[in-house]
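Biologist: Hi! Could you walk me through a couple of spots in this one?

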Amino acid sequence: MKHLITLIFAVTCTLFSSLWADVELAPIFSNNMVLQREVSIPLRGTASKDSVIKIRFNGKELTAKVSNLRWKVDLPPMPAGGSYDIVVKGSQNSLTLKNVTFGDIWLCAGQSNMDSAIETYKRKFPKLYEGHPVKKHDQIRIFRAARLPIDTPQEFITREERFDKGWYPIAPQTRTRLFSATGYFFGLYLAKAVDVPIGLIQSCRGGTPITAWMPQGSLAERSEYAPILEEFEQSVLDWPKNKIDYDRRVQEWETKKANGERVGWRPEPPLGSPASNKRPYALHNGMIAPLYELPIKGVLWYQGEGNSRTREGCVQYELLLKDLVAHWRSNWKQPSMPFLVVQLPGFGKAAPKPNSNHNWPWMRESQKKIDTIENCKTVCAIDSGMQNDIHPPYKENIGKRLAYAAQRLVYQQADAPQSPEYLTHTFKKESTLITFTNVQSGLLATAPLLDDPSYEADTVIGFTVMDSNGNYQRVNGSIVAPNQVQINHKGIKRPESIRYGWDNFPNVNLFSKDGMPVFPFRTDTF
């Protein structure tokens, strides 16, 4: 009886405090958060009635007039660092944000390889991660958005249920283990390099196409995207009949799980379902649109697997990605906001012979073309994949290279490593001299990614050439200068095409001496 009285009292207090609370903050604001340095910050929230909200910050008092039960006030630009309290006072209640600092906020967006948590890899690959205990780090704060597909753009972000208090500092035995492994390593390396507090917002969902992340209505702006919208519209019409089969598969899955059988992921709702994560605009509406009023430093984008089913989809991805960048920048009102893209690593069974039917090389090429836009950079990850696991564990490589790209592009640290790129080539009888740029201290032939009994030390592998009959063959080469490789193609004087790393999972071994893999490339334009 005593416990029941205590429970009733607690519930009653909660109800009355809710009734008397006339001012609330938008869910993105919480204790321990990072706010973007050196820009004005629109602090905002809701109120139960039209009134005046008072904000106390850094020794100053600001006021915000409530209109339509919403309020907003601009905090002045602040330098990096500090630990501030922000007091928000309404007529009935007062809220205090504690331990707020200023630094750089990076959005971690995309699909499952950005979403995959540190805990997942520590459990599946304990030896690989045994040297990576999560340590307390006051300079890095993290936030996770809930997975929310929805048909209309939302005003406020929804916190992921395990991140119910909003922002958390990096610390052992905490929610840090549930955060993106890629984002975590990016934060570690970047914070060390720039000595600025780093805020990381994880907003991603596995198995999703880029169209789910596009702003509302953007796909209707180009005729090229008409088939995408037509497919979606047809799937909506087909949903009533497809729902029967989907419900059956879910029931079978739940029965197996209840019986203790080994099951995979719960079946995903198909495209036409209102709950589908793949619906055009759906994830943008619930997971990106609510963030537009929060100034950020830049975006980390790791996605593409969900658009690589067909060659046409891989090629079209270039335009989709460029449109996504342009729209996000416009909506954030940051026209040159940095955008860092992870190029897909190797995946699938390595092919002993050249296979021109592989799709992932074309996706990588589409991703690389984002470099033609100001303040955009692709990160090479060709060496960080697995043949039989689309979620490879080498997330430290990815996070570190994203940090390197940010150091060079955003923080003007010109000595940060970068991946070498193809520059030009010259035919020499039955060989070709290939020149690379961004080699820094020079090129290096490492051991192949996959064991090859026939491999000879210092040989460069991973090249294919095409003869005049359209036949591809693998060829090897050697490093002849710090920035040059000579490949030999006996019997072919002038290849119609030279390609490097042009497989779903290419067995390559050409790196810079700084440990950065050479970007895959092709010399042809067909």
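This is a predicted model: local features need pLDDT of at least 70, side-chain atom pairs count only at pLDDT 80 or more; totals for chains, interfaces and linings use all residues.

Biologist: Thanks! In which sense do β18 and β19 pair?

Modeller: Antiparallel, over six bridges, with β18 covering residues 459-466 and β19 residues 472-481. Strands here are DSSP runs of E with at least two residues, and helices are runs of H or I with at least four, numbered from the N terminus. Two strands pair if DSSP finds at least two bridges between them.

Biologist: What stands opposite Phe463?

Modeller: Val475 in β19 does.

Biologist: And how many residues lie between β18 and β19 in the hairpin?

Modeller: Five, and Gly470 in that turn has a positive phi of about 85°. Another hairpin leads from β19 to β20 through two residues. β20 (residues 484-488) pairs with β19 over four bridges, in the antiparallel sense, and Gln486 is the bridge partner of Ser478.

Biologist: Switching topic: is His327 buried or exposed?

Modeller: Buried, because its relative accessible area is 19% and the cut-off is under 20%, with exposed over 50% and partly exposed in between (1.4 Å probe, protein chains only). His327 sits in helix α8, residues 311-332.

Biologist: Which side chain makes a polar contact with that of His327?

Modeller: Glu221, at 3.1 Å. A polar contact is a pair of N or O atoms within 3.5 Å; within protein, one must be able to donate a hydrogen and the other to accept it, and residues adjacent in sequence count only if both atoms are side-chain atoms.

Definitions and conventions. Residues are numbered from 1 along each chain as its sequence is written. Side-chain values use heavy atoms; hydrogens and water are left out.
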